[in-house]
Amino acid sequence: MVARRIDLHGLTADEALRTFIASYNALFESGYRGRIEIIHGYGSSGEGGVIRPKLRAFLRAHADRFKRIAEGDGVGNPGMTWVEGKGRLPAAKSAEPPIQQAILDLCQTPKSESRILAKLVGRFGDPAIRAAIRDMVRSGSLELIRDSAETRYRSV
């Protein structure tokens, strides 16, 4: 059986997740149970992008809906993930709140808290940004990177 492909290039992370879920569910409901190749790319920054980790986190959270999940990293293609379905997926949750989405977009490459504040304070205000950063680190959507020079944050 030939694998089906779902190409997510050129979409935001939220659009990509909604597109994947809709495409996967359509294939599953049509009776297809073979391998589905999800082309999400590696990210233009060279550091992994935002679609891949968000999609893979979603797949892990719903691993019971798949016979198999295979990441392309192990075979030299980090821009692709393969799945074999065994159950329908739930609809994607609504997009992140605007402040969190702005932080995620900005932190595709690691940024210090002062850099985040400098870029976003005019739109959201200092206390709201600091609170959002803390919440996002706790929820796992923002990674805390500590090195000898400073603390930085990166979108997960």
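Helices (H or I, at least four residues) and strands (E, at least two) are DSSP runs, numbered from the N terminus. The model is predicted, so local features need pLDDT of at least 70 and side-chain atom pairs count only at pLDDT 80 or more, while totals for chains, interfaces and linings use all residues. Residues are numbered from 1 along each chain as its sequence is written, and side-chain values use heavy atoms, with hydrogens and water left out.

**Stop 1: K111**

Select K111, which is found in strand β5 (residues 111–112). Its relative accessibility is 17%, so K111 counts as buried; the cut-offs are under 20% relative accessible area for buried, over 50% for exposed and partly exposed in between, with a 1.4 Å probe and protein chains only. Now show L106: its backbone oxygen lies 3.4 Å from a polar atom of the K111 side chain. Leaving aside residues up to four places away in sequence, K111 touches L106, I116, R152 and Y153, where contact means heavy atoms within 4.5 Å.

**Stop 2: helix α1**

Select residues 13–29, helix α1. The expected span of a helix is 1.5 Å times one less than its number of residues. For the 17 residues of α1 that gives 24 Å, and the end C-alpha atoms are 24 Å apart, which agrees.

Colour the buried residues of α1: A13, D14, A16, L17, F20, I21, Y24, N25, L27 and F28. Viewed down the helix axis they fall within an arc of 170°, so they line one face of α1; the arc is that of the directions from the axis to the C-beta atoms. They pack against several elements, including β1 (4–7), β2 (35–39) and α2 (51–61). After α1 comes G31, with a positive phi near 100°.

**Stop 3: N25**

Stay in helix α1 and pick N25. At 6% relative accessibility, N25 counts as buried. Beyond residues up to four places away in sequence, N25 touches R88 and L89.

**Stop 4: the cores**

A nonpolar core is a set of buried Ala, Val, Leu, Ile, Met, Phe, Trp, Tyr and Cys residues joined through side-chain atoms within 4.5 Å. The largest has 20 residues, of which L8, F20, I36, I38 and L59 touch the most other members. Helix α1 gives the most to this core, with eight residues.

Centre on F20. Not counting residues up to four places away in sequence, F20 touches I6, L8, I38, L55, F58, L59, F66 and L89. Apart from this core lies another, of 15 residues, among them L104, I129, L142 and Y153.

Definitions and conventions
A polar contact is a pair of N or O atoms within 3.5 Å; within protein, one must be able to donate a hydrogen and the other to accept it, and residues adjacent in sequence count only if both atoms are side-chain atoms.
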